[in-house]
Amino acid sequence: MNLPTYKIAVIPGDGIGPEVIAEGIKVLNKAAELSGRFAFVFQTFPWGCEYYLRHGRMMAEDGMEQLRAFDAIYLGAVGYPGVPDHVSLWDLLLKIRKQFDQYVNIRPITLLRGVPCPLKDVPREAIDMLFIRENSEGEYAGAGDWLYRGKPEEVVLQTGVFSRKGTERIIRYAFETARRMGKSLTSISKGNALNYSMVFWDQVFAEVAAEYPDVPTASYLVDAASMFMIKDPGRFEVVVTSNLFGDILTDLGAALAGGLGLAAGANINPERAWPSMFEPIHGSAPDIAGKGVANPLAAIWSASQLLEFFGHDEWANMVLQAMECVLVERAVLTPDMHGTATTSEVGDSVVQQLTSLVKQ
Ligand code: NAD
Ligand code: IPM
Ligand code: MN
């Protein structure tokens, strides 16, 4: 029998990256086995900060060529004390996002059952947002200069780049998503102070909105949006925002939905011309690395996003349900969720719950 077999490049990376990715792979393999309808082959790449210290680079010289051959990339975390963050991130994570034109970063902020609600007087259902972060340009364009370095007249420039193509495609993607889900779309920007980039962003949002009269819209300044995310999170359904604002607001969102140990992200090239990449949104967590206590649920949630990307929505949902069972029982949780379990015990528990969901 010829099962569709997905070739996944695994980059466990630094710190807790390898610890959490191992659990995501367990869950993906179990979903494949239980389904009997698809399979995975994983190939692991030892790239990251340790590799850098040995080879003077974050990935192999032909690393991008090697990755091209895969259907998707599953990544843990990048960055560790000893290698400057701007070097490690620009030579690995950001390089992949940019060169593979993964211009959509999808970050669900949903308070799952079993996770305590951190807000007083806010019902659980109010925390259910889908962030769509621009992932290829904007404040992360890497354009700038460093003049008269070390001199009294030193000047640094960091230029935001908002192209017509880049701005329009992310906003259009968000409208399509909101329409498909039957939800509203909120744009978050900062046109009052950023008098070129964000005025342009707001203009493009209004233009594209005219093509989607069926999608209710809202538009907030990023400062007010941060306040409303805490005071009245129910306002937000699908959200579209720029690269930097999306980075910051989704850590805030993670705090609403159980912490960084639960926050997942997918870096998507919608045209599928290049591999897409799935990763937890947290970093390498040097403060807890090597102790076996990192929460693997963020990595497992991004594995669920990977299943959805390949069209296995039913299995993607089942993985989320299995996670919810673990969260509701509260018997096997890592210390960040006030439990005493290890990373691999939580992974095993999700696998067990998945198995019993299927048997039911
Ligand atoms: P971080 O996300 O690594 O950690 C922030 C805090 O959250 C820490 O206290 C950490 O212990 C906790 N935490 C994070 N993930 C957790 C998990 N799965 N389970 C339990 N607790 C968890 O952010 P940081 O400390 O600002 O950055 C550390 C390094 O990671 C830096 O080098 C940074 O550049 C890098 N980073 C990488 C990524 C990525 O690869 N996508 C994302 C963010 C930061
Ligand atoms: C994230 C991370 C990255 C980002 C860093 C590590 C470059 O914080 O994925 O949220 O800012 O995009
Ligand atoms: Mn971030």
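**Pockets and ligand sites**

α11 contributes the most residues to the lining of the largest pocket, six in number; helices (H or I, at least four residues) and strands (E, at least two) are DSSP runs, numbered from the N terminus. This is a predicted model in which local features need pLDDT of at least 70 and side-chain atom pairs count only at pLDDT 80 or more, while totals for chains, interfaces and linings use all residues. Residues are numbered from 1 along each chain as its sequence is written, chains are lettered from A and ligands numbered from 1 in the order in which they are written, and side-chain values use heavy atoms, with hydrogens and water left out.

**Largest pocket**

- The largest pocket has a volume of about 940 Å³. On a 1 Å grid over the protein atoms alone, a pocket is an open set of points where a 1.4 Å probe fits, with protein on both sides within 12 Å along at least five of seven lines, and lining residues have an atom within 4 Å of a point. Grid points are joined across faces, edges and corners, and a volume is the space filled by probe spheres set on the points.
- The lining of the largest pocket consists of 32 residues, of which I106, L130, R180, M181 and E308 are the closest to its centre.
- Elements giving two or more residues to this lining include β4 (104–110), β5 (128–134), α6 (164–181) and α10 (297–309).
- By class, the lining of the largest pocket holds 16 nonpolar, seven polar and nine charged residues. Ala, Val, Leu, Ile, Met, Phe, Trp, Tyr, Cys and Pro count as nonpolar, Asp, Glu, Lys and Arg as charged, and the others, Gly among them, as polar.

- The lining of the second largest pocket divides into 12 nonpolar, three polar and seven charged residues.
- Ligand 2 takes the space of the second largest pocket (more than half of its atoms lie within 2 Å of the grid points).
- L89, R97, R107, R133, Y140 and D247 surround ligand 2 (a heavy atom within 4 Å). Two of these residues are nonpolar, none is polar and four are charged.
- Polar side-chain atoms of R133 and D247 each lie 2.8 Å from an oxygen atom of ligand 2, and one of Y140 lies 2.6 Å from an oxygen atom of ligand 2. The protein covers 77% of the 320 Å² of accessible area that ligand 2 has on its own (Shrake-Rupley method, 1.4 Å probe).

**Ligand 1**

- Ligand 1 is surrounded by 22 residues, with V78, D85, G283, A285 and D287 the closest.
- The shell around ligand 1 has 12 nonpolar, six polar and four charged residues.
- Backbone N or O atoms of V78, at 2.9 Å, and of S284, at 3.2 Å, face an oxygen atom of ligand 1. A polar side-chain atom of E279 lies 3.2 Å from a nitrogen atom of ligand 1.
- Of the 800 Å² of accessible area that ligand 1 has on its own, the protein covers 71%.

Note on methods: Polar contact = N/O pair within 3.5 Å; in protein donor to acceptor, adjacent residues only side chain to side chain.
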